[in-house]
Amino acid sequence: MAGLQTTVSSDVKKANENGNGLILYQNYQSYFCLKVVFALHEKKLKFKSHIVDLFRGEQFEPWFLKLNPKCEVPVLKDGVKIIPDSRRIIDYIEDNFSNGDVPRLIPEKGSPEYQNMERMRDLLDNVPIQLVTYGCIFNPSLTGKMKLTPQEIKIRQGVFTAHENILTDLCEKNKEFKDYYLVKKNNLARLTALITDENEVGKGILDVEYALNEVEKALVSHEGDKKKWWLCSEKFTIADISLCILLTRLQILGLADKFFKDSNLPHVQDYFKRAQQRDSFKKTMNQGDGIVNKFSSLDTKEQVFVTVGSVAIVLAAAGIATFLISRNK
């Protein structure tokens, strides 16, 4: 079992001391865990990290399955409360740790900025990142130069067979959890079929491109005294966290070369350069051995098991043209 490590945001206010019981079950390189870690650092909250070894399948072991039957990280434990899912966790810490001097990550509810943040957050959180991540690893011709060596790519391609074997073994050893393991095996098979299909991966990449174009439009609209705004408001929000983690993953996969070539999306590029200077971003990316320098694509969220490439679907209730990819978690 992976060890427990303490992570403490510097300059933590006395008002935050109630957060010192937070334990985050995570993996340093997981896309969804990075969002939560980023949010915790933005809010300057104390937390302890319990690292879950995704490559060796620790997320499937009975002790973790009791925390989250979906066998997915991240999971936040706050006393007796257990909160799975990165989006739910971020909402939880925003709702419960925003008093006094603790920074808030959402604009005032009901304001135009809040409504825009919700729209952009939905847009970015519904990008099929697992399909795109593994899809690029299995179909390198679809992307640019990845920040992975050939050996690292081969290891990550072998994860699926390794996890299938682990789940088969656990089915025999832990029959009381057999139904959970069979569901995971079926999901793994569905994922394998998708990520090895160039057409499906291509659709996922188109969804990313659509999202980035929407972000560019939003940034272009910031004129006059709004020129220094972040994505949705003067203050850094949850939507900015989603955008920064997405851009980091695209950079690692080599897709930044594809999307940003010929000075394309200049406002997005300038935005990312500015965001990378934030102290919270640096702390998030430097946990462990450094996310960008040592990347592992072992995300366990299964939002990929839906039809992608649906950029023409309109979120009428949200009031903007975007794509809808149903969340499975």
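Helices (H or I, at least four residues) and strands (E, at least two) are DSSP runs numbered from the N terminus. The model is predicted, so local features need pLDDT of at least 70 and side-chain atom pairs pLDDT 80 or more, whereas totals for chains, interfaces and linings use all residues. Residues are numbered from 1 along each chain as its sequence is written, and side-chain values use heavy atoms, without hydrogens and water.

Within helix 3 (residues 86–96), the buried residues are Ser86, Arg87, Ile89, Ile90, Tyr92, Ile93 and Glu94, where buried denotes under 20% relative accessible area (1.4 Å probe, protein chains only). At the start of this helix, a side-chain oxygen of Asp85 lies within 3.0 Å of the backbone nitrogen of Arg87.

The structure contains 3 cavities of 30 Å³ or more. A cavity is a set of points, on a 1 Å grid over the protein atoms alone, where a 1.4 Å probe fits but cannot get out; lining residues have an atom within 4 Å of a point. The second largest cavity has a volume of about 50 Å³, the volume being the space filled by probe spheres set on the points. Its lining consists of Lys35, Ser86, Arg87, Ile90, Arg121, Asp125, Ile238 and Ser242. Helix 3 provides the largest share of this lining, 3 residues, and helix 3, helix 4 and helix 10 each supply at least two.

Definitions and conventions. Buried means under 20% relative accessible area, exposed over 50%, partly exposed in between (1.4 Å probe, protein chains only). A polar contact is a pair of N or O atoms within 3.5 Å; within protein, one must be able to donate a hydrogen and the other to accept it, and residues adjacent in sequence count only if both atoms are side-chain atoms. On a 1 Å grid over the protein atoms alone, a cavity is a set of points where a 1.4 Å probe fits but cannot get out, and a pocket is an open set with protein on both sides within 12 Å along at least five of seven lines; lining residues have an atom within 4 Å of a point.
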